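Here is a short report for a first look.

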Amino acid sequence: MAIMGIFQFSSRQFRFLGAVHDIIMSAIALYLAYASALGLSRVFAVPYLEWKIAAFLILSSAIFYYFSLNRGSWRYASLPDLFAIIKASVVLAVIFTLGMFLIERAENLPRLVPPMLSLLLIVLLGAPRLLYRIQRESS
């Protein structure tokens with residue numbers, strides 16, 4: 001039995017859970033982007049990483065709201081939803097990079113982080129929607 005069959009959520013609760021999922025995945029994407037650029041052992045040596053992640057979470061929630069990532073149902077995830085995820089991911093990475101240049105001249109921002117961040121966001125936000133849709137259509 002599917003996990004969503006056990007719990008009954010209203011559409012409003014499900015959208016809230018989707019927004020929480022997206023914000024958590026954005027934090028994971030930022031951490032993994034730094035880890036892929038620097039290695040796992042040196043990630044925690046990045047100055048103010050927790051503040052960068054906190055600011056990134058606030059920025060990502062605003063960008064995701066602007067691009068309406070959680071307005072539709074995951075059951076009907078489609079190409080327009082994927083395009084919205086791609087747009088939001090690229091805009092988020094660009095704004096984050098510009099912010100890092102303005103705040104600290106991007107001293108602790110490896111060149112690999114922005115493109116890796118975009119790719120990880122696309123995968124971490126798009127794959128669960130695709131898997132949920134496949135699971136709902138097969139049942």
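## Terms and basis

Buried means under 20% relative accessible area, exposed means over 50%, and partly exposed lies in between (1.4 Å probe, protein chains only). This is a predicted model, where local features need pLDDT of at least 70, side-chain atom pairs count only at pLDDT 80 or more, and totals for chains, interfaces and linings use all residues. Residues are numbered from 1 along each chain as its sequence is written, and side-chain values use heavy atoms, without hydrogens and water.

T97 lies in helix α4. Helices are DSSP runs (H or I, at least four residues), numbered from the N terminus. T97 counts as buried, at 14% relative accessibility. Leaving aside neighbours within four places in sequence, T97 is in contact (heavy atoms within 4.5 Å) with L109 and P114.

S89 also sits in α4, which covers residues 79-104. S89 is buried, at a relative accessible area of 0%. Its side chain reaches the backbone oxygen of I85 at 2.7 Å. Not counting residues up to four places away in sequence, S89 touches S118, L121, I122 and L125.

## α2 against α3

Helix α2 spans residues 11-38, and helix α3 spans residues 49-66. They pack at about 135°, with axes 9 Å apart. Axes are lines fitted to C-alpha atoms over the stretch in contact, and angles run from 0 to 180 degrees between N-to-C directions.

From α2, D22, I23, S26, A27, L30 and Y34 take part. They meet L49, K52, I53, F56, L57, S60, S61 and F64 of α3.

How values were computed:
Helices (H or I, at least four residues) and strands (E, at least two) are DSSP runs, numbered from the N terminus. A polar contact is a pair of N or O atoms within 3.5 Å; within protein, one must be able to donate a hydrogen and the other to accept it, and residues adjacent in sequence count only if both atoms are side-chain atoms.
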